[in-house]
Amino acid sequence: LLHTAGYSTIGVQEMNLATKYPYIYWACACLMIKSSSVDKEYNEGMDIENKESQSNTAKISSAIGQLQENDVEIANPNINTSEIGFAPDEEHNRIQVGFKPVSGVNNAMAKVIMEARPFNSLQDFYERMTLFKVPTLTSKGTFQNKSLVPQSALISLIKSGAFEELEGKPREQIMDEFLHKIFPDKK
């Protein structure tokens with residue numbers, strides 16, 4: 001009897017969620033769990049803290065594929081609207097991919113990007129986040145000037161489609177123009 005009471009309670013809670021919130025919230029929660037994009041660490045005080053881990057692209061791809069088979073729209077990361085992880089976009093009835101699955105972008109870098117928004121163009125992002133250098137303490141105890149977002153991470157963001165909506169062009173064209181800008185054609 002006690003066993004069925006627990007499952008009944010969970011069923012009522014899920015029904016309550018399903019009736020009060022759009023389906024995209026449930027789909028986003030499923031994506032986060034199936035892709036293992038949220039890791040929890042329990043400390044002595046039994047508080048739950050999010051810890052950063054490497055993204056498992058195979059799990060993420062599989063989870064996204066399963067949702068797309070069920071007609072759930074998954075949007076590429078967007079430099080001006082994405083969060084760190086997956087987030088429901090109720091307005092467009094889709095799931096917005098965050099910065100965490102993008103290769104070379106960690107949580108700290110994602111937070112720096114989110115704090116500097118909005119960006120007007122890829123050029124604006126490049127000038128403010130890649131060309132701008134800040135003194136950073138190295139493991140040897142010396143200071144070195146480093147970009148807020150290294151060029152390798154910027155290239156990964158372009159490849160992920162994070163600038164498509166901002167630039168109004170496909171990522172292949174954005175990448176081509178960016179590479180020609182930083183590595184001009186030799187004459």
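## A buried serine and its surroundings

S156 is buried, with a relative accessible area of 18%; buried means under 20% relative accessible area, exposed over 50%, and partly exposed in between, with a 1.4 Å probe and protein chains only. The residue is found in helix α6. Helices (H or I, at least four residues) and strands (E, at least two) are DSSP runs, numbered from the N terminus. The side chain of S156 reaches the backbone oxygen of S103 at a distance of 3.0 Å. When neighbours within four places in sequence are left aside, S156 is in contact with V102 and S103, a contact being a pair of heavy atoms within 4.5 Å.

The structure is a predicted model, in which local features need pLDDT of at least 70 and side-chain atom pairs count only at pLDDT 80 or more, while totals for chains, interfaces and linings use all residues. Residues are numbered from 1 along each chain as its sequence is written, and side-chain values use heavy atoms, with hydrogens and water left out.

G104 is found in the loop between β5 and α4. This glycine is exposed, with a relative accessible area of 52%. Neighbours within four places in sequence aside, G104 is in contact with M109 and A153. G104 and V149 are 45 residues apart in sequence, and their C-alpha atoms are 9.5 Å apart in space.

At the start of α4, a side-chain oxygen of N106 reaches to within 3.3 Å of the backbone nitrogen of A108. The helix covers residues 107-116, and its buried residues are N107, M109, A110, I113 and A116. An α-helix has 3.6 residues a turn, so residues three or four places apart point the same way. The buried residues of α4 pack against α5 (122-131) and α6 (151-160).

## The three-stranded sheet

An open sheet of three strands has the order β3-β5-β4, with mixed pairing; two strands pair if DSSP finds at least two bridges between them. Its edge strands, β3 (73-75) and β4 (87-89), each pair on one side only. On average, neighbouring strands of this sheet are turned by 35° against each other, direction ignored. Strand β5 (residues 94-96) runs parallel to β3, and three bridges join the two. The bridge partner of E73 in β5 is R94. Helix α2 (residues 23-34) lies across β3, β4 and β5, and runs at about 45° to β5. Axes are lines fitted to C-alpha atoms, for helices over the stretch in contact, and angles run from 0 to 180 degrees between N-to-C directions.

## A buried asparagine

N78 lies in the loop between β3 and β4. This asparagine is buried, with a relative accessible area of 6%. Residues up to four places away in sequence not counted, N78 touches Q96, V97, F99, R117, A162 and E165. The table lists two polar distances of its side chain. A polar contact is a pair of N or O atoms within 3.5 Å; within protein, one must be able to donate a hydrogen and the other to accept it, and residues adjacent in sequence count only if both atoms are side-chain atoms.

| Atoms of N78 | Partner | Distance |
|---|---|---|
| Side chain of N78 | Side chain of E165 | 3.1 Å |

## The hairpin

Strand β6 (residues 133-137) and strand β7 (residues 143-147) pair in the antiparallel sense over five bridges. P135 stands opposite N145 in β7. The two strands, β6 and β7, form a hairpin with five residues between them, and G141 in the turn has a positive phi of about 90°.

## The chain as a whole

The protein chain contains eight helices and seven strands. Of its 187 residues, 32% count as buried. Among contacts between residues at least 6 apart in sequence, 47% join residues at least 24 apart.

The mean pLDDT of the protein chain is 85, and 89% of its residues reach 70 or more; pLDDT is the predictor's confidence in each residue, from 0 to 100. Among the elements, strand β1 (residues 40-42) has the lowest mean pLDDT (39), and helix α7 (residues 164-167) has the highest (94). Over residues 40-52 the pLDDT is below 50, and beyond near neighbours in sequence this stretch has 17 contacts in the model.
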